[in-house]
Amino acid sequence: MELEGALARVAYLLTRVRRHDYAMVKCGVTMDRASVPLLRVLADADEPMRLGELATRLDVEAPHVSRQIQRLEKAGYVERTPDPADGRAQRVRPTPEGRRAVDAVRDVLRNWMAEALADWSTEDLKALAVLNHRMVDGFLSHAEQIGDLGATAREARVPRAD
């Protein structure tokens, strides 16, 4: 029960509208909350992605991704490219401005975390990171075992900065 409560508190704090608005003002970027994870996935990808693949990785419906991509495209953060494997399909990639926006948001959030945890020892921060990665790996493994994630669940993992 303690772990569940702690995770609920973390999720609440990290997803609050006020936290997002603060980050956007601080980094000088205009983007809605739903677009941030989508742009982060695109920025971390090695190549442009199809909308369906984005939806799978983010565990959301395809129409949601389509709407967010339209918003990001209008803002100049992403662009569409033809899919070399299927002339009818398109892929999406971040523009240089989109990459700068992701970097700015990440910098603000990293600074926020560093300030919030400034009195933690380096050893405690490393242990927290290790345990969090272990927990997420366990959650993903279990979700795959019970069929709760799509086929690309392993690829959806955020790369570690070990």
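**Close-up views of a predicted model**

**View 1. The whole chain, for orientation.** Of the 162 residues in the protein, 28% count as buried. Keep in mind that this is a predicted model. The protein has seven helices and two strands, and reading along the sequence you get the pattern α-α-α-α-α-β-β-α-α. Its C-alpha trace spans about 50 × 40 × 25 Å along the principal axes. As for surface, the protein exposes about 11,100 Å², with carbon and sulfur atoms supplying 54% of that. If you count contacts between residues at least 6 apart in sequence, 50% of them join residues at least 24 apart.

View 2. Strand 1 covers residues 78–83 and strand 2 covers residues 86–94. The two run antiparallel, and six bridges join them. To get from strand 1 to strand 2, the chain goes through a hairpin of two residues.

View 3. Thr95 is found in the loop between strand 2 and helix 6 (96–116). Its relative accessibility is 11%, so Thr95 falls under the 20% cut-off and counts as buried. The Thr95 side chain reaches the backbone oxygen of Gly76 at 2.6 Å. Setting aside neighbours within four places in sequence, Thr95 is in contact with Gly76, Tyr77, Val78 and Glu79.

**View 4. A nonpolar patch on the surface.** Val10, Tyr12, Leu13 and Leu14 form this patch, and together they have about 380 Å² of accessible area. Zoom in on Leu13, which lies in helix 1 (residues 2–15). Is Leu13 buried, exposed or partly exposed? Its relative accessible area is 38%, which sits between the 20% and 50% cut-offs, so Leu13 is partly exposed.

**View 5. Lys74, in helix 5.** Lys74 lies in helix 5, which runs over residues 62–74. With a relative accessibility of 76%, Lys74 is over the 50% cut-off and therefore counts as exposed.

Note on methods: Residues numbered from 1 in each chain as written. Predicted model: local features only at pLDDT ≥ 70, side-chain atom pairs only at ≥ 80, totals over all residues. Heavy atoms only, no water. Pairing = 2+ DSSP bridges. Helix = DSSP H or I, 4+ residues; strand = E, 2+ residues; numbered from the N terminus. Patch = residues over 30% accessible without salt bridge, like charges linked within 9 Å, V, L, I, M, F, W, Y side chains within 5 Å. Areas by Shrake-Rupley, 256 points an atom, 1.4 Å probe, with all protein chains shown as cover. Salt bridge = Lys/Arg side-chain N within 4 Å of Asp/Glu carboxyl O. Buried < 20%, exposed > 50% of the residue type's maximum accessible area, 1.4 Å probe, protein only. Contact = heavy atoms within 4.5 Å. Polar contact = N/O pair within 3.5 Å; in protein donor to acceptor, adjacent residues only side chain to side chain.
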